[in-house]
Amino acid sequence: MKIFLDTANIEQIKEAAELGVIDGVTTNPTLIAREKRNFVDLVREIYEIVDGPISAEVVSLEASGMIDEAQRLAKLGKNIAIKIPMTEEGLKAVKALSFEGIMTNVTLCFSPAQGLLAAKAGATFLSPFIGRLDDVSHEGMNLVRTIKQIYANYGYKTQIIVASIRHPLHVLEAATAGADIATVPFDVLKKLLKHPLTDIGIDRFLQDWQKLTDKEKAF
Ligand code: E4P
């Protein structure tokens, strides 16, 4: 499973990229607004750091406006994926952009039917929002499992990005469900790599190492 970072924060992206486990980045208007910087400058900078798809979201509600924004954003580079909301107008835009060879990421997906339509329209990526479903007492990961089954039944190539991830268990469940990608907030990425027994183990090894003489330690 690929791991994308779900942030527009440059420091977080740099730190995560150094770990060597980041395959792309997803942003949305909320994440962009947190950074208080020009949108395009920010996306361009992210593009320079990460070698993989970078999702940038349109804000128009009509297909023509979405297509116009998408075409301008796509000029930033071939790895830009245009996030399009799962609406009637959004589907029209996805269809048009897929003909132009521009990558799309259909966002705000909350049902299998939406996932099916996004794939039929030619979406490159689909983002089911797991945490927001859990927030309203729906088992979010069931949505991923069902969409995965639908895509397998008919051979749709649309890649599932598990989004709205809240904790490490969501990432593990996404991998178990066979999702193509999980997009994770920075704090969740950090939690994924930690285990207290690892830290205890390192302490113990170092303590034991100190019991050796200098001659025994030499290498
Ligand atoms: C990513 O593509 C989504 O925009 C993001 O995961 C949404 O997460 P949230 O529900 O925590 O805002």
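A polar contact, as used in these legends for a predicted model, is a pair of N or O atoms within 3.5 Å, of which, within protein, one must be able to donate a hydrogen and the other to accept it.

View 1. Asn28 is found in the loop that runs between strand E2 (24-26) and helix H2 (29-35). A polar atom of the Asn28 side chain lies 2.8 Å from the backbone nitrogen of Leu31, and the backbone nitrogen of Thr30 lies 3.0 Å from a polar atom of that side chain. Asn28 counts as buried because its relative accessibility is 14%, under the cut-off of 20%. Once neighbours within four places in sequence are left aside, Asn28 is in contact with Glu57 and Lys83.

**View 2. The largest nonpolar core and a second, separate one.** Among the 59 residues of the largest nonpolar core, Leu5, Val162 and Val184 touch the most other members. Helix H8 (residues 140-154) supplies the largest share of this core, with six residues. Leu5, not counting residues up to four places away in sequence, touches residues including Ile13, Val25, Val184, Phe186 and Leu189. A second, separate core of six residues includes Phe4, Phe125, Ile161 and Ile181.

How values were computed: Residues numbered from 1 in each chain as written. Predicted model: local features only at pLDDT ≥ 70, side-chain atom pairs only at ≥ 80, totals over all residues. Heavy atoms only, no water. Core = buried A, V, L, I, M, F, W, Y, C linked by side-chain atoms within 4.5 Å. Buried < 20%, exposed > 50% of the residue type's maximum accessible area, 1.4 Å probe, protein only. Helix = DSSP H or I, 4+ residues; strand = E, 2+ residues; numbered from the N terminus. Contact = heavy atoms within 4.5 Å.
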